[in-house]
Structure formats: structure tokens, C-alpha cells
Amino acid sequence: MSDALLDRIASTQSLADLDAVRVALLGKSGEITARLKSLGAMDPDTRAAEAPRIHALREQVTDAIASRKGALEAAQLERKLATEKLDLSLPAPESVRGTVHPVSQVMDELAEIFANLGFSVAEGPEIETQWYNFAALNMPENHPARAMQDTFYLDPRTADEEPRVLRTHTSPVQIRAMEAHGAPIRVIAPGRVYRSDSDATHTPMFHQVEGLVIDRAITLGHLKWTLETFLKAFFERDDVVLRMRPSYFPFTEPSAEVDVGWSMEKGRRVVGGQEGWMEVLGSGMVHPRVIANCGFDPDEWQGFAFGCGIDRLAMLKYGMDDLRAFFDGDIRWLKHYGFRALDVPTLSGGVGA
Amino acid sequence: MKFSLEWLKQHLETTASARQIADKLTAIGLEVEELSNPAEALAPFRVAKVLTAEKHPQADKLQVLTVDAGTGEVIQVVCGAPNARAGMLGVFGPPGAYIPGTDFTLKVAAIRGVESRGMMCSSRELELGDDHSGIIELSADAPVGAPFTQYAGLDDPVFDVNVTPNRQDAMGVRGIARDLAAAGIGTLKPLAVPQIEGSYLCPVPVRIEDSDGCPAFFGRAIKGVTNGASPDWMQRRLKSAGQRPISALVDITNYVMLDHGRPAHAYDIAKLTGGLSARAARKGEQVLALNEKEYTLQPFMTVIADDAQVHDIGGIMGGEDSGVGHATTDVMLEVAYFTPGRIARTGQALGLTSDARSRFERGVDPAFLDEGLAILTGLILDICGGEPSTAIRAGQPPTEQRTIHFDFGRTRALGGIDVPEQRQRDILHSLGFGLDRNQVTVPSWRRDVEGPADLVEEVARIVGYDEVPSTPLERAPGVARPTATRAQLMERRVRRTAAARGLDESVTWSFISEADADAFGGSEWRLANPISEEMKVMRPSLLPGLIAAARRNLDRGAASVRLFELGRRYLGDAEHLTLGLVLAGERQSRDWQSGKAQGFDAFDAKAEALALLDAAGAPVANLQVFPDAGPTWHPGRSAKLGLGPKTIVAAFGELHPSLIKRLDAPSGAVAAELYLDAIPAPRSSGLARSLYTPPTLQAVTRDFALIVPADLPAESLVRAIGAADKQAIAAVRLFDRFDAADGLSLAVEVTLQPAEKSFTDEQISEISARIVAAAKKLGARLRS
């Protein structure tokens with residue numbers, strides 16, 4: 001009896017067949033249900049003998065149906081899966097990826113490095129008065145050094161306005177920062193500067209960073225250490241070698257031009273080693289007259305200042321060879337030389353990307 | 001400033017090599033830009049003897065020579081020089097040698113059928129002079145086979161020094177020698193100044209009218225000179241300095257200028273009318289200068305003039321009309337002092353540079369007028385002969401000496417370098433400073449030295465900056481403190497958010513064309529001296545630069561351009577930090593899933609604007625949309641975002657079609673501009689957030705489809721519904737919009753958040769009724 005029933009269950013080929021068998025056996029008027037019902041009409045002895053048998057049969061059948069159901073479902077899923085196929089080599093929806101300009105990235109790197117040395121970032125206007133751009137920096141009218149810088153002048157807006165200039169360097173921020181924050185002070189001032197010059201290596205607009213430290217006992221030795229420390233951190237090399245040379249800037253005394261050693265790697269000139277020298281920085285001890293022009297006593301306060309081209313730093317570090325491309329907005333160039341949004345320079349992760 | 005080693009040795013006794021000298025010059029602040037040796041280019045040329053000279057069989061003007069160049073073989077050379085003859089000595093260039101004068105490299109060649117294995121050279125071919133009438137003829141005792149440059153004394157390295165504007169003294173070879181001697185490279189030779197006895201009074205009277213511009217004019221006449229060529233030694237030195245020899249008188253004045261940094265001028269007395277006077281130029285007065293250009297003068301310029309005309313732009317350039325020539329027999333010398341500031345101003349105004357200007361504007365040695373005149377006169381008498389007058393001296397040069405009180409400890413305190421006091425004194429002394437205990441007297445040739453800081457530099461540069469010890473800056477204890485300001489942090493966040501959203505950061509010019517600026521309301525700042533019309537005014541908006549960049553990219557074949565820039569707008573009141581962005585081309589390229597390519601629309605610009613404002617810390621949820629962003633924008637497809645009509649923080653949308661045409665902007669481009677400095681600072685609330693626990697009860701949502709007036713801004717409906725029950729309504733989101741048969745239909749999904757107890761059906765009905773009522777006030781009704 002039971003074998004026949006179990007065969008019937010096992011031979012079902014679909015979940016619908018199986019359900020029909022289940023109803024025929026275990027449904028309201030199913031065979032096994034009928035047998036269970038028949039127990040009530042039996043005398044106690046017969047019932048005691050029949051009941052376990054019938055219950056066992058029901059259990060056996062129930063289990064067999066459950067197991068067959070599992071098998072049929074698995075087979076059905078199998079068949080379904082066989083039809084569900086994607087060519088996952090097809091392209092996924094594209095997401096766009098933007099970039100941060102190398103100049104911005106380098107400015108962030110500078111801010112990060114100098115923050116660790118206790119410098120904050122100062123700012124100032126690009127349309128500057130002649131006082132801040134020249135006179136306060138010890139460049140009175142007709143000073144030959146004014147001729148060293150090809151200055152853009154702006155038309156005066158009223159008849160009695162002295163013509164403003166586009167700042168030729170970030171040095172005016174020295175004066176403004178000292179006026180605003182007093183001494184002691186440690187600041188860097190990155191930003192746009194302008195000179196009326198245009199060829200393969202000069203653009204009429206470019207970027208500089210100015211550094212300024214004013215305190216009571218700052219010496220040329222501190223300047224040297226600061227620049228060495230900065231350049232080693234910036235270029236992420238320990239073999240960065242500096243050479244300081246006496247030079248002339250109206251706003252510093254003593255003044256120093258700073259060369260950095262370079263070497264050839266894979267046919268390109270890179271910072272590090274000392275196969276040759278290239279100029280990267282102008283610097284010096286802030287001229288006493290400049291300190292006085294900011295309203296401070298040069299007998300009490302002294303310090304150093306330096307200035308450096310940011311675009312040039314970027315080119316030396318990241319290997320661009322054409323300054324003009326910095327300002328063209330060519331997205332092919334930006335995507336090649338730009339930085340990803342999350343390439344945030346940090347001291348723990350390194351300031352290079 | 002260029003000069004040769006041989007010239008330097010005129011003033012400096014030294015055994016140092018050219019390389020050592022160059023390195024030292026750079027180390028003491030006289031940067032050597034180039035150390036070259038002209039002899040290197042002429043290295044292959046040899047002293048050679050012409051053995052035979054026969055007429056060329058095919059050409060009348062050519063000869064066939066055989067030459068002995070010391071190589072042991074007999075070399076056949078075809079030569080066109082009329083002076084070539086057997087037995088003479090000359091200069092031979094072998095095949096492979098480069099002839100600088102004709103820019104030609106020699107090779108074995110057949111000339112009219114006769115083989116020629118090299119060349120006998122003329123002066124001009126070797127760039128040693130202008131003579132091309134024949135080949136160089138050497139004296140009979142010249143050693144055959146010797147390198148010609150060695151024999152001719154041409155093996156003389158040339159230094160090219162970049163003299164900084166403060167160093168008046170280094171504009172002459174002697175000043176450079178003095179610096180080198182102080183730095184331990186040899187000893188400075190004593191200066192020989194001849195004693196000149198004039199035999200008659202100077203016949204040309206000299207008067208100073210403009211003593212501000214020209215405080216002193218010394219001079220004298222020399223009669224009976226012969227103005228031929230200057231001697232070889234002088235010509236060699238002048239050539240090493242990059243000067244072309246002209247005539248003895250001109251060469252001598254140039255030589256004294258280069259040797260001592262002392263410019264002078266010689267007038268041909270025959271061309272003068274009356275005496276000379278140093279006076280202010282008259283307005284509009286003109287002079288033909290020695291560079292053969294006509295200059296129009298202004299009253300702040302000092303000139304030297306006679307009774308008839310201007311002869312010299314004082315201290316800058318002489319005049320053509322009174323210049324000395326080969327026929328000159330009587331000269332008047334001018335050794336003057338011109339005020340540096342005036343020279344600079346005059347030179348800048350005229351756009352005229354000259355060797356004299358570069359010296360006078362730095363300031364020449366005011367105590368060297370008499371010596372300068374004597375040296376100049378001595379050289380003229382030696383070379384040109386003649387009879388000198390007594391010297392004439394009008395005015396007084398400013399020779400007052402500056403004295404600085406110097407604490408030698410400043411070298412340590414400012415320069416960071418320990419130098420024993422005696423060594424400091426020795427250095428200053430060797431540079432010409434006078435020392436009396438702590439009083440330091442500045443030499444007359446160093447007007448740049450004004451105070452103790454300058455003296456520190458003098459000591460430090462001679463000792464060498466290499467000796468300055470690297471000294472760490474004092475460091476605040478603990479972890480470095482944050483330094484960025486709120487604005488700087490905002491800038492960084494906005495920039496990196498934009499990049500994360502797929503925009504490429506560009507940096508465009510701060511100056512744009514006037515036409516582009518006018519399209520954006522015009523610029524208040526116009527450059528007086530722009531380098532081009534395209535870079536003429538300061539930008540009032542970032543969009544012109546970005547639009548031009550987008551245009552260039554599309555022209556180069558880019559399909560999709562998303563550009564932004566963070567920079568300043570230059571308005572009349574201030575410079576405003578701004579973010580501009582332009583989206584052009586395809587937002588989505590054609591794709592196997594999404595189908596055809598799609599362009600950008602104003603909502604893309606809105607999405608960027610809102611995301612970036614959010615990054616900037618603006619209260620984005622409170623921002624209102626004000627339609628029509630202004631004349632540069634499409635009136636119906638642009639808007640401003642603000643916290644009120646007076647606090648506008650951004651504009652976005654499509655550009656005005658007429659502007660698109662004017663700027664040749666890409667069609668379909670959309671843009672946004674964020675006025676970052678207009679965003680109010682958020683209230684500072686510290687680091688801890690407000691207390692929050694997520695609600696335990698589930699929120700429910702209800703949809704409302706409403707027919708609204710056609711001109712109702714969707715934002716007002718959403719706000720009105722949100723305000724209907726501020727307790728219960730957690731969010732309102734518009735999710736559908738279409739033109740139904742009975743009007744414009746907007747559908748919103750309202751999220752209701754129960755607080756302590758779940759909403760009953762009655763409560764939900766009540767809230768719904770309030771929502772419908774709120775919508776009704778705006779003219780909306782439920783869609784049936």
C-alpha cells in the first residue's frame with residue numbers, strides 16, 4: 001500500500017501534479033484522510049492496532065510530498081536560471097569623473113605642509129594699490145626694480161584716483177597680513193599674479209606663493225631650514241639639495257636666490273640630486289623699512305620672506321612642460337594632469353597624489 | 001655685464017681658473033649666467049704656411065695653393081684671396097671646421113674641377129673683424145701647426161654676469177675685481193690714474209641749469225686728435241663684452257664705461273654752436289639719438305644742449321648730430337653725474353635702454369668724476385694724440401658719505417652666521433668700507449648700502465651663504481593646529497565636491513575682452529597696457545572664460561564638457577570669490593541601455609548649483625527660487641537662488657539666446673554661477689550634534705494629485721503642503737507633473753511621521769483635509 005503511494009508521489013512531474021496527488025491523499029476527501037476518519041467507527045482494540053499504522057502512513061506520505069516538492073522546485077529554478085543569462089561584458093552605465101586643477105592641488109599641498117610648521121594662509125586683493133605692490137615693499141617710484149617687473153596698470157576710474165596695478169607678486173600680502181594680524185606671524189599667501197609677459201615659459205597671469213615669518217629672533221638660518229624642510233616635504237624626496245646665493249630684492253636684506261639641485265631620470269629633469277642647479281625661489285630677511293612700513297619697530301621685529309611660482313612647482317613635481325596649457329581649460333589636459341576629488345593632500349597620506 | 005678673463009686680470013692678480021672665478025662670482029651674488037670661450041669655436045684652425053701658389057686652370061680669380069699646416073702632409077687648397085702667395089703665413093681651416101662668418105662647415109670639395117681640402121680664412125670669416133679683402137696674414141715667426149687661437153691670444157674665457165639693480169659698482173670690471181679680491185680670489189691691483197696737465201683753458205663753456213637732474217658736469221677739450229681705429233687689445237676686450245668697435249674715440253669712452261662703470265660722452269667741437277648746458281628739455285623738443293631714432297622730450301628729462309640744439313639725452317644716449325667721426329679733430333669730453341631717479345623715469349618714458357642708462361640709474365660713483373676724466377683723457381692722448389685743455393668743473397656731485405653704526409653681533413642675530421669680528425672688519429675693509437670702531441663709512445660706489453642689514457649681507461655673502469647653518473623654526477608643542485579659515489575650508493569643499501560630481505576644474509584668464517565683459521554688464525577695471533584686445537578688462541563674471549573654454553573643447557571634438565572654475569569676479573567694490581560652471585555637449589552619450597544621447601537642461605545646472613551650495617554650507621532647504629536670473633540669462637529658463645530677494649547666492653539656467661550668439665557659445669549649454677562670498681556664515685554650534693533618536697513608529701505616506709493654476713511655481717505648492725501640519729508632515733516630494741485634460745496636474749508624496757502613537761484613520765483624514773485646504777489657497781484642487 002505505502003510503496004504504491006510513494007511511487008505515485010515520486011512519479012509526479014510538476015508541482016501541479018504533486019498538489020493533485022496531495023489533495024487525493026491528504027485533502028478533505030483524500031484516501032488517507034478517509035482512513036483517519038474511519039478510525040472513529042472502529043472498536044477500541046482495532047483502533048489501537050490501526051491508528052499507529054494509519055498515522056505512520058500519513059507521516060510517510062507528508063514527508064514524501066515535501067521532499068518531492070523540494071526536488072520539483074529545485075528543478076524548476078534550474079530551468080528558470082538556464083534562461084536568465086546576461087552578457088555582463090556589456091558596459092555598465094558610465095559615471096563621470098571630474099578633476100581638481102594641478103594649481104589648486106599644489107596650493108592645498110602647500111597649505112598642508114606649512115600648517116604643520118605653524119603657518120596659516122593669508123589672502124589679499126589682486127587689483128592692488130601702488131603702495132602695497134611697490135612703495136610699502138621699499139620700491140619707491142622710479143626704483144629700477146619696478147622696471148624688473150612688467151606691470152599691468154589699470155585705468156583710473158576717477159580723475160584723481162592713482163592708477164591701480166595688477167599685483168606683480170604676492171608680496172603685498174606680507175604687508176596686509178602684518179597690518180591685519182600683527183607680529184609674531186607665520187603665513188603663506190598663494191594666489192594669482194600678473195606680469196605683461198607672454199612666451200613659452202611666461203604667461204601674463206600665473207600663480208605665486210609668498211611666505212612670511214616675523215618674530216623677535218628669526219635669522220637667515222631659519223629661512224634656510226624652512227625652505228629645505230618645505231622642499232623636501234613638497235617633492236617627497238630626502239635628496240633635495242638647496243643652494244642659497246646672495247641676490248637682490250628691494251624688500252629683503254640680506255636677500256637670497258635659492259637654487260635646487262636637479263638630476264636626470266628617464267630623460268627628464270627632476271628635483272633631487274645635484275647634477276645641476278635651477279632657480280626656484282627668491283627670499284631674504286624682510287627689509288627693516290618694510291617692517292616699519294607695516295607699523296612695526298624693525299629694532300624689535302625681524303623675519304624672513306620668500307616667494308615661489310606655484311605653476312613652476314607643479315611643473316617640477318608633476319612633469320608638465322608647457323605653462324600655457326595650465327590656462328587653456330582643455331579637458332584632455334585636465335583629465336591627464338588633474339587630480340581626483342579625494343586625492344586630498346594629508347600629512348599621513350603624503351602630500352603628493 | 002660681459003668681460004673676459006684677460007680683462008679682469010688687468011685689475012686682479014690671480015691664479016684662479018675661469019671656472020673657480022665663475023663659481024665664486026655666483027657665490028658672492030654676481031651670478032654668472034654663462035662662462036664661454038670664443039676660442040672653442042675656432043679650435044680646429046691652425047697657423048699654416050703657403051708653400052706654393054699657382055693660378056687655377058679654370059678660373060682667373062682663383063689660385064691653387066699647397067699649404068703646410070704642421071700635419072706633415074702637403075694640403076691642396078683653392079683660394080680666391082688676392083693676397084695669397086707662396087711663403088706667407090695664414091690661418092687654415094681643415095675639412096669639418098665650422099666657419100662662423102659664413103655659417104658653413106668645410107668639406108673636401110672640387111672647386112671648378114680642382115680638389116680643395118680646406119680653406120685659408122679671412123678675418124670676417126672667423127668673425128674676428130670686418131676685413132674680407134684677403135686672407136689673414138700672420139707674421140713670419142708664427143709657429144706653423146700651432147692652434148691659431150693660442151697664437152693669437154684669443155683663448156680668453158668670457159664671463160656673462162647678471163648684475164642686480166642694486167650693484168652700481170659691479171657695472172665695471174674693476175668693481176667686480178674688487179669683490180673677487182674681498183672674497184679671496186687674488187688681490188686688487190692699484191689703480192693708475194694719469195696726471196693730466198692742460199695747456200690751455202677749455203674753450204667750450206659748460207653751464208648747469210637743471211642741477212636736480214644733473215648736479216655735476218666735468219669735462220675738457222682735446223684738440224688735434226686722430227680718430228682712427230682703436231688698438232687691438234682694446235678691440236679684443238670690447239668684443240668680449242659684446243661691443244662692436246667703431247672708432248678710437250667711441251671705443252675709448254665705451255671702454256672706460258665698461259672698465260670703471262663710468263659712462264662718458266665725446267662731442268665733436270666742430271659740430272657745436274657755443275657752450276654746453278645741462279638743462280631741462282623743453283616740451284616737445286626733439287633729438288635724433290645715436291641709434292638713429294628721433295625722440296620727443298618732456299620737461300622732466302635732462303638734456304645736454306648747445307646754443308642751437310639738444311645734443312644728448314643726458315645720461316642715456318648721445319645725439320647723432322654732434323657725435324665724433326673719423327674726421328673729428330677736436331673733442332669735448334663730458335663726465336657728468338645724473339640723478340638716478342630722473343634717469344630711470346626718462347628711460348622708462350622714452351622706452352630707451354642703453355649701457356649708460358643702466359649705470360646712471362643704478363647710480364655711478366659720485367667721487368670718481370675727476371679720476372674718470374683723467375683716465376679717459378689719458379687713453380685718448382695715448383691712442384689718438386692731441387692736446388688737452390684744463391679740466392672744467394660745473395656743479396658738485398653728491399659725495400656726502402654715509403656712516404652706519406654697526407653692531408657686529410647683527411651678523412649672528414640677523415644672518416644666523418658666526419663670523420669673528422676681525423674677519424668682518426677685514427671683509428668690509430676689503431670692499432672699501434671705512435671702519436672706526438663701530439662706525440662704518442660706506443664707500444662712494446655703494447649707494448645701495450643703507451643700514452646694518454646691508455652690512456650683514458656684505459659679510460654673509462663674502463663668507464658665503466653655504467656657511468649659514470640651517471636652524472629649525474621653533475615649534476608649538478602638540479599636534480599642529482588647524483589654520484584654514486572658514487572661507488578657505490568652504491573653497492576646498494566646494495572644489496572637491498565639484499570634482500567628485502564629474503566637473504573638471506579649469507583656470508582661465510582674469511582678464512577678458514571688452515566685448516565679452518560688456519555682454520555681462522561691463523567691467524569697472526580696464527587695463528591701461530593690455531597685451532592684447534582679448535585680455536583687456538578684468539572679468540565681471542567667470543562665465544565668458546568658461547564658455548570660451550567649452551567652445552574650444554567642443555571644437556577639438558569633445559562630446560561632453562563639464563567645466564568649473566573657482567576664482568574671483570572683479571567688481572567695482574571688491575573682488576568676489578565665485579564658482580562658475582558650464583555644462584555643454586552631451587549629458588549622457590548614446591548608450592545600449594538608455595538609447596539616444598541626451599543634452600543638458602536647466603535642471604542639470606540647478607542640481608550642480610544646489611549640490612555645491614550645500615557643500616559650501618548654504619542652508620539649501622531654505623533657498624527660494626526667483627525666476628529670471630537677469631539679462632545674460634534666458635528669461636524663462638533661468639533663476640536665482642537666494643535666502644530672500646536681497647541675499648542671492650547663485651544664478652543658473654540657460655544663457656540668453658542673444659548672448660549665446662554674441663559669444664559663439666555652444667548651443668544647448670547651461671551654466672551656473674555661485675556667489676560664494678554671499679553665503680551667510682552658519683551659526684557656530686560646536687562639534688556636538690543636536691540630540692536625535694530615530695522614531696520607533698513607522699512613517700506612512702499618502703499621495704495627492706492636484707490640479708493647479710498653470711503659472712503656480714511647484715515650489716510654493718510643496719512649501720504650502722509642508723506647512724499644513726508641521727508636526728506630522730516629515731517630507732513632501734513632488735513626483736509627477738503632467739498636463740491633464742482639466743489643467744496642470746502635480747502629484748506629491750507626503751510622508752507622515754507619528755510621534756508616540758500610530759495615526760488613527762481619523763487623524764490621517766484630518767491631516768489630509770488640512771493639506772487639501774492649504775493647496776486650495778493656491779488655487780489647487782484634488783484631481784478627481
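Here is a short chat about the cavities and the chain contact in this predicted model.

User: How many cavities of 30 Å³ or more turn up in the whole structure?

Analyst: The search finds 2 of them.

User: OK, which residues line the largest one?

Analyst: Both chains show up there: the lining includes Pro246(A), Ser247(A) and Tyr248(A), along with Arg446(B), Glu457(B), Glu458(B) and Arg461(B). The elements giving two or more residues to that lining are β6 (242-249) of chain A and α13 (452-463) of chain B.

User: And what's the split by class in that lining?

Analyst: It divides into 3 nonpolar, 4 polar and 5 charged residues.

User: What about the second largest cavity, which helix gives the largest share of its lining?

Analyst: That's α8 (residues 340-350) of chain B, with 3 residues. Arg342(B), Ile343(B) and Thr346(B) are among the lining residues, as are Met301(B) and Phe338(B). By class, this lining has 3 nonpolar, 5 polar and 1 charged residues.

User: Switching to the interface: how much area do chain A and chain B bury between them?

Analyst: About 7,300 Å², with 54% of it on carbon and sulfur atoms. The contact takes 88 residues from chain A and 84 from chain B.

User: How many salt bridges are there between the chains?

Analyst: The count is 12. One pairs Asp108(A) with Arg492(B), where the closest N and O atoms are 4.0 Å apart. There are also 48 residue pairs in polar contact across the interface. On the side of chain A that touches chain B, helix α9 (residues 220-235) gives the largest share, 7 residues.

Terms used
Residues are numbered from 1 along each chain as its sequence is written. Chains are lettered from A and ligands numbered from 1 in the order in which they are written. This is a predicted model: local features need pLDDT of at least 70, side-chain atom pairs count only at pLDDT 80 or more; totals for chains, interfaces and linings use all residues. Side-chain values use heavy atoms; hydrogens and water are left out. On a 1 Å grid over the protein atoms alone, a cavity is a set of points where a 1.4 Å probe fits but cannot get out, and a pocket is an open set with protein on both sides within 12 Å along at least five of seven lines; lining residues have an atom within 4 Å of a point. Grid points are joined across faces, edges and corners, and a volume is the space filled by probe spheres set on the points. Helices (H or I, at least four residues) and strands (E, at least two) are DSSP runs, numbered from the N terminus. Ala, Val, Leu, Ile, Met, Phe, Trp, Tyr, Cys and Pro count as nonpolar, Asp, Glu, Lys and Arg as charged, and the others, Gly among them, as polar. Contact means heavy atoms within 4.5 Å. Buried area is the accessible area (1.4 Å probe) that two parts lose on being put together, summed over both. A salt bridge is a side-chain nitrogen of Lys or Arg within 4 Å of a carboxyl oxygen of Asp or Glu. A polar contact is a pair of N or O atoms within 3.5 Å; within protein, one must be able to donate a hydrogen and the other to accept it, and residues adjacent in sequence count only if both atoms are side-chain atoms.
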